[in-house]
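Look at the sequence and the structure below, and keep both in view while reading. The paragraphs that follow go through some of the backbone and some of the strands.

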Amino acid sequence: MASPVAPIVNHRPPPPLTTLTDELLEEIFLRLPTPTDLARACTACASFRRIITDRSFLRRFRAIHPPPLLGFAAFDGLHHAQPPHPSAPLARALADAADFSFSFVPTESPPWYPRDIRQGRVLLMSTPDWYDSLDFHDLTALPLAVCDPLCRRYVLLPEVPNEITVELRHLTDFGFFLAPTAEDEDDTSFRVICTASNETGLFAIVFSSITAKWQIIASSSWSSLGTAPPSASHGFIYFSYAGGCFYFTVPWRDKLLVLDALRMEFSIVNKVPSGYLTRDHGLPSIVMGAKGSPLMVFFGGHNEDGSTELLHVFKLNDCESSNQWQLEKIIPLPRQSRHYTLGAAEEFVFLFGIPNDLNSLPETEYLSLNITTSELKKVCGIEYEFFGVRPYFGFPLSLSKPCI
């Protein structure tokens, strides 16, 4: 009887898996849903960390995934997001690692306080007592610095040269803020914009960290903007920032001044929603809508029973018409508190709420409202009310690079 034939066994190893190139890994990492997920991947191995911490990759990721709100900076430090806010763990780590007392920045009295925050940088101003009155005329007398509170780096800005103030003559109504970093700029370079005006027009005086100098970068006459000088001053102190533009809603109450910080151009929107220019509605905030168009947000008063505040959201029409703004939606706010606006950035309006029953909550609630989703979240609670806070957005510490 013939013996059975043994089966033929293929002992050759399986073909190797295709090696994932850096380019493929980048595309995978870009699709991770949150910065926290990316931070976890960064700790997996050295090759992942090399790809993820590369500046060009982080720029791509940040363009797709905006950094989360981590808290509010005030003159007494950072008030970080608290549970159950989803950013609370990241915010706690930031508060532990960074120095928002700015003790590493040398100063003479009085101390520094945050004037503007953008892309991890903080613009600091050390103001003399007379600044509080908002009645100052010497542009060269304001100490300024830009710092990175996480990496504890800083740059003390030089005074605005006398020849600039002499050339422009009788400047007043100064505002200072950080310009956004353009895609083709180095991540550690920055610009500080000073806006000012006189009887003839508007000016943008810009400090560049590359040249270490102040220069007049943009100017527009009132006539070219189609308007006259405002009767009131101090308009450049109050602004909203969205989509690379700064929006000033005062000192006019019927116009909106826009400064495109990338093109360095001034423009004016001449008409705001009619019927919303009364004191009851307060000053509007400008945010960026889901489609990249600016939205104007007003307090719209109360319901008939006086219990619930409303926010009225308007969008700017694309076409010229007798009324350039149209009502987009109305967002109700919770009944148990009275709300006040703190400012706006990108698609968020920031509020604080004082409870109607002062015994019900020991703290004032600081809130963020996403205009696109109408989602209202408590960021933190503070024992007192601040009207001057600056929102701080950031990434996990492992993804944070020096910005100065």
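**Loops, a sheet and a covered strand**

Glu346 is partly exposed, with a relative accessible area of 32%; the cut-offs for this class are 20% and 50%, so a value of 32% falls in between. This is a predicted model. Glu346 sits in the loop that links β19 (337–345) to β20 (348–355). Its phi is positive, about 55 degrees, although Glu346 is not a glycine. Most residues other than glycine have a negative phi, and most peptide bonds are trans.

Arg169 is another residue to look at here. Its phi is near 65 degrees, again a positive value in a residue other than glycine. Arg169 belongs to the loop between α6 (162–168) and β7 (172–178). Is Arg169 buried or exposed? Arg169 has a relative accessible area of 58%, which is over 50%, so it counts as exposed.

The peptide bond between Pro83 and Pro84 is cis, with omega at about 10 degrees. Pro84 is found in the loop between β2 (77–80) and α5 (88–97).

Now turn to a sheet. Four strands make up an open sheet, in the order β3-β4-β5-β6, with antiparallel pairing. Why is one side of β3 and of β6 left without a neighbour in the sheet? β3 (113–118) and β6 (153–156) stand at the edges and each has a single partner strand, so one side of each has no neighbour there. On average, neighbouring strands of this sheet are turned by 25 degrees against each other, direction ignored. β3 is joined to β4 (residues 121–125) by five bridges, and the two run antiparallel. In this pair, Arg118 stands opposite Arg121 in β4.

The last stop is strand β13, residues 256–260. How many of its five residues are buried? Five of the five are, and the strand is described as mostly covered. Both of its faces are covered: Leu256, Val258 and Asp260 are buried on one side, and Leu257 and Leu259 are buried on the other.

β13 pairs with strand β12 (residues 245–248) in the antiparallel sense, over four bridges. Across this pairing, Cys245 stands opposite Asp260 in β13. β13 also pairs with strand β14 (residues 265–269), again in the antiparallel sense, over five bridges. Here the bridge partner of Leu259 is Phe266 in β14. The hairpin of β13 and β14 has four residues between the strands, and in this hairpin Met264 takes a positive phi near 55 degrees.

Methods
Residues are numbered from 1 along each chain as its sequence is written. This is a predicted model: local features need pLDDT of at least 70, side-chain atom pairs count only at pLDDT 80 or more; totals for chains, interfaces and linings use all residues. Side-chain values use heavy atoms; hydrogens and water are left out. Two strands pair if DSSP finds at least two bridges between them. Axes are lines fitted to C-alpha atoms, for helices over the stretch in contact, and angles run from 0 to 180 degrees between N-to-C directions. Buried means under 20% relative accessible area, exposed over 50%, partly exposed in between (1.4 Å probe, protein chains only).
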